[in-house]
Amino acid sequence: MSVELDVFVGNTTIMDEEVYQFWLDGYTVNDAVKVRMEGGVLEECEASAEVLRSDTMDQYRTFQMCERLLHSPAKLVMLIERYYTFDGVFVREVLGKKLSKGTKKDLDDVSAKTGVTLKSCRRQFDNFKRVFKVVEELKGPLVENIRQHFLLSDKLARDYAAIVFFANNRFETGKKKLHYLTFQDFAFCAGQLISNWTVGALDNMVEDMDVDLEKEFLQDLKELKILITDKDLLDQHKSLVCTALRGKTKAFNEMEANFKNLSRGLVNIAAKLTNTKDVRDFFIDLVEKFIEPCRSDKWTAGDMRLYLTHYTNSAHILDTFKHQVVWDRYMGVIKSCILKMYHD
């Protein structure tokens, strides 16, 4: 006695929307095959009727297996969310790097360093790359695009937005001086940059708006150099800030003594952001030129907040300073990032 078996082999699960609709509408496999043949699918795919029937049956089996999940949408969403969830120690190792084959080849080392299995590292890396490619050319808010296209929670979508933003701008995150910062520290800063320094901060339907920093704004930042090149303005700014701080902090003497160096550090960071390399070094510059000097003087987080608040607000009182809008847009992000990065 002979037994005839119909075997259909595939390496990728493909769901045909037309066949799915036939299944939803209660068509039998034979009826669905007939309609597909009448639609010219055989000529289009250069396939035989037998192959078309096997493909249709395979699609029907897939839909039947998925039906239990369709009965519980929350479980389906949970599966998606957990599939796209990543390990903080892993993403910290690849954050800011190009999502390329070269980086993927180094995942063996990343796995050994982080303790995350190589298979999991590859899944997470491929997820990062997949999201990046999908949203790369989309218009509209980056977080919302990720949330809608991948059905992720708002929190996870924001984390992926940070990963995409860092990969696009290639921010340096691997230097030793930055090792103390976690992914969530960087993700918070990415959110600030996206919300305030990209083209999308002004127009929410500009292409690539949440990925690229606004060039006109970066050019305008050069105007802030007057705060350190004009001696009278620099002295006046120092006087205003120190008057506001006197008697309010134990670190006052250090703040007063280092005011000019700290101000030069922040303003010079702003003035150089038109250069790609300086954009990449943004976080290392914040640490070296501002955070480390303050930490060496034993400022508390409260000292830092007090200083940056008066430093920002006092510029509005300067007689000849006419760039308050750009200043506030710049310092709003700088203050938020420094306070997040300053672990006293």
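Trainee: How many salt bridges does the structure hold?

Mentor: Start with the general idea: side chains of opposite charge can pair when their charged atoms come close. A salt bridge here is a side-chain nitrogen of Lys or Arg within 4 Å of a carboxyl oxygen of Asp or Glu. By that rule, the structure holds 15 salt bridges. Keep in mind that this is a predicted model, where local features need pLDDT of at least 70 and side-chain atom pairs count only at pLDDT 80 or more, while totals for chains, interfaces and linings use all residues. Residues are numbered from 1 along each chain as its sequence is written, and side-chain values use heavy atoms, with hydrogens and water left out.

Trainee: Which side chain does aspartate 55 meet in a salt bridge?

Mentor: That would be arginine 36, at 3.0 Å from N to O. Aspartate 55 sits in helix α4 (residues 49-70) and arginine 36 in helix α2 (residues 29-38), so the pair ties together parts 19 residues apart in sequence. Helices are DSSP runs (H or I, at least four residues; strands are E, at least two), numbered from the N terminus.

Trainee: And are those two buried or exposed?

Mentor: Buried means under 20% relative accessible area, exposed over 50%, and partly exposed in between, with a 1.4 Å probe and protein chains only. Aspartate 55 counts as partly exposed at 21%, and arginine 36 as buried at 6%.

Trainee: What separates arginine 147 and glutamate 144 in helix α10?

Mentor: About one helical turn, because they are three residues apart in α10 (residues 142-150). Arginine 147 is partly exposed at 32%, and glutamate 144 is partly exposed at 28%.

Trainee: Which distant parts of the chain does the pair of glutamate 288 and lysine 177 link?

Mentor: The closest N and O atoms of this salt bridge are 3.4 Å apart. Glutamate 288 belongs to helix α18 (residues 282-296), and lysine 177 to the loop between α11 (154-169) and α12 (183-197), 111 residues apart. Glutamate 288 is partly exposed at 36%, as is lysine 177 at 38%.

Trainee: Which residues do shared partners join into one network?

Mentor: Asp16, Arg36 and Asp55 are joined by salt bridges that share partners.

Trainee: Then what is the nearest side chain of opposite charge to arginine 92?

Mentor: For charge, Lys and Arg count as positive and Asp and Glu as negative, with His and the chain ends not counted. For arginine 92, the nearest opposite charge is glutamate 93, 6.4 Å away, and this buried arginine has no salt bridge. Arginine 92 is found in helix α6 (residues 88-94). Contact means heavy atoms within 4.5 Å. Leaving aside neighbours within four places in sequence, arginine 92 is in contact with residues including Thr173, His179 and Phe186.

Trainee: Where is phenylalanine 90 placed?

Mentor: In helix α6. Phenylalanine 90 is buried, with a relative accessible area of 0%. Not counting residues up to four places away in sequence, phenylalanine 90 touches several side chains, among them Leu107, Val110, Cys121 and Phe128. The C-alpha atoms of phenylalanine 90 and lysine 113 are separated by 9.1 Å, and the two residues are 23 apart along the chain.
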